Amino acid sequence: MRYLPFMLKSALRNVRRFVLTVLSVAVSLFMFCTLMTVLSELERENPSEVAHLRLVVRRATSLADPLPEGYRAKLAAVPGVRLVTPLTWFGGLYIDDRNFFANFASEPATLLAVFPESTTGPAQFEAFQRDRTGALVGRGLAEQFGWKVGDRVTLLGTIYPVDMELTIRALYDNDLDDRGFFFHRDYLEEALGRPGRVGTFWLLAEAPHQLPRIAETVDAMFRNTDAETKTETERAFQLSFVAMLGNVKSLIVSICTMVVLTILLVTANTIAMTIRERAREIAVLKTLGFRRRTILAMLIGEAVGIAVAGGLVGSLGARVLYQAVDLSKLLQGFFPLFEVTLQTICLALLIAAAIGVLSAGIPAWRAARIPVAEALRRVG
Amino acid sequence: MKIPLKYNIRNLLVRRTSTAMTVLGIAAVVAVFIGLNALSRGLQEAFVSSGEPDNVIVLRQGAQVETSSAVTRQGLHIIRYLDGIAATEQGEPLVSPEVVALVNLRRRADNEPANVLVRGLSPHGYALRQGLRIVAGRSPRPGRRELMVGERMAERFQDLGLGERVRLAKGHWTVVGIFDAGRTAFASEIWGDALEIAEEFDRAEFSSVLMRTTGPAAQAAVIRRIREDQRLHLKPLAEPAYYEEQTRSAAPIKVLGGFIATLMAIGACFAVMNTMYAAVAWRGREIATLQVLGFGRRSILASFFLESLLLAAAGGLLGCALALPIHGISTGTANWRTFSEVVFAFRITPDLLLRGFLFALGMGALGGILPARLAARTVIVRSLRAV
């Protein structure tokens, strides 16, 4: 557009106002992007194909109650189930409860077969399998505590009345989450006197379409027994934890709405002020022959430009900041990935553009309609 | 010479739209600030006001919460008759061994499942918790699969209304009473008889033991005695201390709240700055006239600064008014320590409202100081000539 240089000049005429408006839009959209990313990260889906083949079997009454060890054979016999691995949340403490991380009693032989996204060197894995007091630790977690292969780590039991003295034998890598800690459930069972209990069973199915049928079969198999089961896909299991947070989603959505409305007010305010001050100028433009439509377009275009500039600073700033800062370390591994997606950025820019249009709309329309003679008479 | 306040007020009223929008912007920030604080305060208070000062709760050594603790009958037998434990009129020790379990129930609002804490109390358990009131029905009788439910839980979850039947682990139980536990953690619980609940959830041992001691000195002595006994492997604490530890689950919300409030405040400061800079620019001639009339630079600075404070004060008051309706609204979230749902209500206190108002004034001050300085530095001749 050939009026672009003029629009730019008008926008930058009062540099301080331009900077302040851009900054306030930027700060608000920065927060918007952060909150939207929190929402999307909470519900982030595991992109690997294997994740779509996994089911988790737990006690129907609650996740905190155990299942009998003996269920394992029956689960393996269900048609469509390729592998079964037991996994029990140990909930052990490392020194004190500020160093929180997930630790599990597992079965090494089948663990990585059901979770192939986690990879480790074959020599290390064998060492882990052979040593009953060995531990398999995620690389991210090991880096946080400065652990190396061969280090001894003691986990204090909180749920179970025993402490586990372990030696790190292997480190594993996983794109999505490398902050886990796994040891032999055999070791825990022996320390507890062999009660034969498992927290959850994870099943690897042959094909995705079989999941619902397998889930039904398993739950029907154990209905009306002492330990009824609840079987669901890995994704449903993940989402049930998010549901535990209660109305977090609606809270975040309502805060985002308030944020957007506040930005709208602020920007509308500034732009309206600017347009009112320019009544004289607009009159001069009209005498020069510019049509009302063109003037309107220029004013709105300028407003959109300022708002989108703020939107770019805010959303790209958020993306860059969260890439540079490793949030998972600050939040103890709660958000292993915190990526402001392109989708969120586009949404933020769209909101910015809308804000530009809405804030400039009415004042610009009114200003363009003032009769020339009256506008020229205006002082200031 | 001071510029009269009327001047500032009039100016704000003349530029009505501008003033209104800035005030609304500040009000929104203050409302969010108060809302988030009310949320975290409500969550925190759900725990801190739980527990009687003279009570001692006993868990397994190393356990952090009742849900992962177990106390053997042997241990119970030993600690039951210790010196310093209060007794009933009949001479029985005021001791309540309790069983705690989690059950998955569906919420009424969104049909989503959540873990709910079920507590089996022994007969003395009711006497040990004095702030409780039965608002409907009666307390459960042992042997009849009866339950008593916190008021908010009855509203929030399916099948927990008075007279309704709810399925626990092995079968259906009837809700015979609703109690009001005020702002304590017990408001998020379902209560039944200890032995029946143990049977229902296949518990061989009790989860915890609650005892009343005769006074602070006795309490300290009992705690020491239990802790030092090597046979027992138990962890005794004063009941209020146990619940206070759990307030740490409110920490993430506090952090999030603080973060959001700070960012919004920064945005609002920019808004105030913008408005005031525009005001200064618009009134260039006026300021010069004021200076000609004899008002000094300091008075002008003070005047403009005061104007931003007035704007902010109006915004603060409006924000407080906007936030007030959420007081008392109850909601729930997860207590990650006990792994169960905790129901609590938004709590707005007068001091929170005051803090919100001062927060607004702070924003006004930060946003207004620079424009006020600019106003004070106006050069008379240049401003008078400006059109």
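How many helices and strands does the secondary structure of chain A come to? The count is 15 helices and eleven strands. Helices (H or I, at least four residues) and strands (E, at least two) are DSSP runs, numbered from the N terminus.

This is a predicted model, in which local features need pLDDT of at least 70, side-chain atom pairs count only at pLDDT 80 or more, and totals for chains, interfaces and linings use all residues. Residues are numbered from 1 along each chain as its sequence is written, while chains are lettered from A and ligands numbered from 1 in the order in which they are written.

**Confidence**

pLDDT is the predictor's confidence in each residue, from 0 to 100. Its mean over chain A is 86. In chain A, 96% of residues reach 70 or more.

| Element of chain A | Residues | Confidence in chain A | Mean pLDDT |
|---|---|---|---|
| Helix 13 | 327-330 | lowest | 63 |
| Strand 10 | 200-205 | highest | 94 |

**Shape of chain A**

The C-alpha trace of chain A spans about 95 × 45 × 35 Å along its principal axes. Its radius of gyration is 30 Å, whereas a compact globule of 380 residues would have one near 21 Å. This radius is taken over C-alpha atoms, and the globule rule is 2.2 Å times the number of residues to the power 0.38.

Of the 380 residues in chain A, 40% are buried. Buried means that 20 or more other C-beta atoms, placed from the backbone, lie within 10 Å of the residue's own.

**Where chain A meets chain B**

Two residues are in contact if their C-beta atoms, placed from the backbone, lie within 7 Å. The contact takes 38 residues from chain A and 42 residues from chain B. On the chain A side, helix 2 (15-42), helix 9 (234-244) and helix 10 (248-277) each give two or more residues. Helix 10 of chain A gives the most, with twelve residues.

**Inside chain B**

Chain B is divided into domain 1 (5-47 + 249-385) and domain 2 (62-232). These bounds come from an automatic or database domain assignment. The centres of the two domains of chain B, taken over C-alpha atoms, are 47 Å apart. Their contact takes twelve residues from domain 1 of chain B and 15 residues from domain 2 of chain B. Which element gives the largest share of the domain 1 side? Strand 12 of chain B does, with four residues.

Notes: A residue is buried if 20 or more other C-beta atoms lie within 10 Å of its own, exposed if 12 or fewer, and partly exposed in between; C-beta atoms are placed from the backbone.
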